[in-house]
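Please read the report below alongside the sequence and the coordinates. It takes up the arrangement of the chain part by part.

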Amino acid sequence: MITTVAATPFSGQKPGTSGLRKKVRVFQQPGYAETFIQSVFDVAERGEGAALVIGGDGRFHNRAVIATAIRMAAANGYARVLVGQGGILSTPAASHVIRKYRASGGLILSASHNPGGPDEDFGIKYNIANGGPAPEAVTEAIYARTQAIDRWMIAEDGADIDLDRIGTSLIGDMIVDVIDPVADYADLMEQLFDFAAIREAVRGGLTMAFDAMHAVTGPYATEILERRLGFPTGTVHNGTPLEDFGGHHPDPNLVHARVLYDLMMSPDAPALGAASDGDGDRNLIIGKGIFITPSDSLAMLAANAHHAPAYAGGLKGIARSMPTSAAADRVAEALGIPAWETPTGWKFFGTLLDAGKATICGEESAGTGSDHVREKDGLWAVLLWLNILAATGKPVRQIAEEHWARFGRNYYARFDYENVDSAAAEAVVAALTAQLADLPGTAVGPLTVSMADSFAYTDPVDGAVSADQGLRIGFAGGSRFVVRLSGTGTQGATIRLYLERYEPLDGILDGDTLTMLTDIIDAAEKLARIAALTGRTAPDVVT
Ligand code: VG1
Ligand code: CO
């Protein structure tokens with residue numbers, strides 16, 4: 001039996017960079033999650049007999065929404081739902097499950113690196129049949145539907161589905177498969193990487209620490225690192241997923257993964273320190289005594305990927321988001337393969353991966369991945385690093401220093417100004433936009449502006465155009481800064497200021513990042529006037 005519930009639209013159900021993210025309390029309003037999910041089902045492409053994957057990062061409110069989504073899928077004619085045991089599926093695992101079982105799409109319930117709990121954040125993201133986040137045309141159709149929705153449908157049966165028990169049951173005609181959330185993904189990793197070589201290196205003394213931040217990667221990392229690769233028990237820290245991530249931000253950066261960072265800077269540091277975020281798609285990489293910026297990690301992984309079996313035959317191309325440093329472009333040039341520059345957000349990589357134009361993709365926000373799925377993948381990046389360490393026998397520091405000696409170094413930092421008054425944040429963007437046309441040729445301190453624009457992207461595969469994707473100010477010599485507003489926050493606005501300075505091979509390759517960026521930081525302050533327009537004299541987070 002199906003119940004149809006009359007509904008009126010909620011305002012603001014507009015998916016951002018990565019799905020709809022709001023405070024839990026917003027999602028708890030009666031009908032809020034239901035109208036959004038119904039809007040997804042109303043516009044999703046799905047044929048006869050379609051399967052839907054559902055999983056989340058285990059945060060507070062996950063189980064309630066999953067229980068509802070399963071019964072709504074039954075009412076909306078899906079033939080099968082695959083759901084991770086306990087409602088758990090990391091974002092990359094969900095992407096893999098969609099692809100492996102040829103589902104028509106999936107609902108990923110996560111607010112990623114944002115904190116969890118009754119007063120914190122929740123999110124719903126729809127992924128399409130290729131396993132990747134719905135492209136803008138689809139998210140816009142979903143949003144349009146949310147503004148016209150007048151009913152949602154739910155099966156009366158199914159309230160007794162036990163999410164904790166692996167197995168199959170029925171709601172009406174719809175099959176519900178509660179699956180092991182880890183096994184398929186761990187098997188995929190075993191196909192991509194040389195597990196035997198890594199195991200051998202572990203026996204020979206290769207050590208690591210992985211901080212799962214009480215988030216979704218705990219079970220995945222324990223299975224893969226400790227059980228399959230033989231790292232000792234305890235290699236995975238904070239490995240039990242908690243609904244509130246232990247009260248922390250599950251954000252693998254130098255601020256929120258401070259304990260790991262301090263360990264890696266201490267005499268007791270293992271060879272590799274790594275962490276992932278709430279939903280398992282980000283990665284933090286730290287060598288003994290050396291932090292590798294995500295932009296550098298992308299470039300170094302691309303340059304060394306041939307050590308892993310899956311990439312031994314070479315890469316088809318490398319794609320990075322616009323604010324990500326140009327380090328990866330230099331690797332692409334050396335490899336003689338294309339380098340693509342896309343707007344922020346993994347949804348823009350999907351067409352390039354599907355068309356075989358890129359193999360490895362990355363973002364400065366600690367996202368790296370490949371064509372094995374259609375999401376960024378935290379553990380994948382960690383395993384590729386491990387594979388490279390095992391194959392070369394070199395420590396992380398040596399790999400980094402040799403890389404810079406070959407390609408030069410892109411010093412890089414991102415300043416985040418969080419929870420800024422939205423009007424003030426818009427004013428920063430408007431004021432800088434107004435100057436763009438006049439800036440080229442202007443001297444700012446010791447720097448000279450060589451280009452200034454608002455980044456617009458035309459997808460080389462399907463021709464879709466995305467305008468206003470961030471303001472870029474480039475300087476002679478390859479340095480630049482970028483300003484854009486976050487599309488994942490749930491409170492006020494977050495201004496992101498991305499800073500980059502290129503040092504050629506004969507330049508200073510072992511400098512301190514913030515010192516090396518001083519002139520660019522000064523130039524950004526003069527031109528973007530964040531302090532003057534928002535009253536913020538220092539960023540909240542520097543990554
Ligand atoms: C941020 C990052 C972006 C990333 C997105 C989703 O978006 O900058 O690179 O793809 O988060 O990552 P924004 O709009 O806040 O800058 V996740 O791990 O939150 O799914
Ligand atoms: Co994430």
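The sections that follow go from domains to sheets, helix contacts and the ligand shell.

## Basis of the model

This is a predicted model, in which local features need pLDDT of at least 70 and side-chain atom pairs count only at pLDDT 80 or more, while totals for chains, interfaces and linings use all residues. Residues are numbered from 1 along each chain as its sequence is written, and chains are lettered from A and ligands numbered from 1 in the order in which they are written.

## Domains

The protein chain is divided into domain 1 (2-181), domain 2 (185-407) and domain 3 (409-542), with bounds that come from an automatic or database domain assignment. Between the C-alpha centres of domain 2 and domain 3 there is a separation of 26 Å. Their contact takes 18 residues from domain 2 and 19 residues from domain 3, where two residues are in contact if their C-beta atoms, placed from the backbone, lie within 7 Å.

On the side of domain 2 that touches domain 3, helix 12 (350-354) and helix 14 (396-407) each supply at least two residues; helices (H or I, at least four residues) and strands (E, at least two) are DSSP runs numbered from the N terminus. The residues of that side divide into 10 nonpolar, 7 polar and 1 charged, with Ala, Val, Leu, Ile, Met, Phe, Trp, Tyr, Cys and Pro counted as nonpolar, Asp, Glu, Lys and Arg as charged, and the others, Gly among them, as polar.

An open sheet of 7 strands has the order 2-6-5-3-4-9-8 with mixed pairing, two strands being paired if DSSP finds at least two bridges between them. Strand 2 (20-23) and strand 8 (167-171) are the edge strands, each pairing on one side only. Strand 2 and strand 6 (residues 121-128) run antiparallel and are joined by 4 bridges, and Arg 21 stands opposite Gly 123 in strand 6.

Helix 2 (residues 32-43) lies across strand 2, strand 5 (105-109) and strand 6, running at about 10 degrees to strand 6; axes are lines fitted to C-alpha atoms, for helices over the stretch in contact, and angles run from 0 to 180 degrees between N-to-C directions. Helix 4 lies across strand 3 (51-56), strand 4 (80-88), strand 5 and strand 6, at about 165 degrees to strand 5.

Strand 17 (residues 360-363) pairs with strand 18 in the antiparallel sense over 4 bridges, and the bridge partner of Ile 360 is Ser 370 in strand 18.

## Helix contacts

The axes of helix 10 (residues 294-304) and helix 14 come within 11 Å and cross at roughly 90 degrees. The two helices are therefore roughly perpendicular to each other, a term for angles of 65 to 115 degrees. In this contact Asp 296, Ala 299, Met 300, Ala 303 and Asn 304 of helix 10 meet Ile 399, Ala 400 and His 403 of helix 14.

## Ligand shell

Around ligand 1 there are 18 residues, of which Thr 17, Ser 112, Ser 365, Ser 486 and Thr 488 come nearest; a residue is near a molecule if its C-beta atom, placed from the backbone, lies within 6 Å of it. By class, this shell has 1 nonpolar, 12 polar and 5 charged residues.

Key
Angles under 35 degrees count as roughly parallel, over 145 as roughly antiparallel, 65 to 115 as roughly perpendicular and the rest as oblique.
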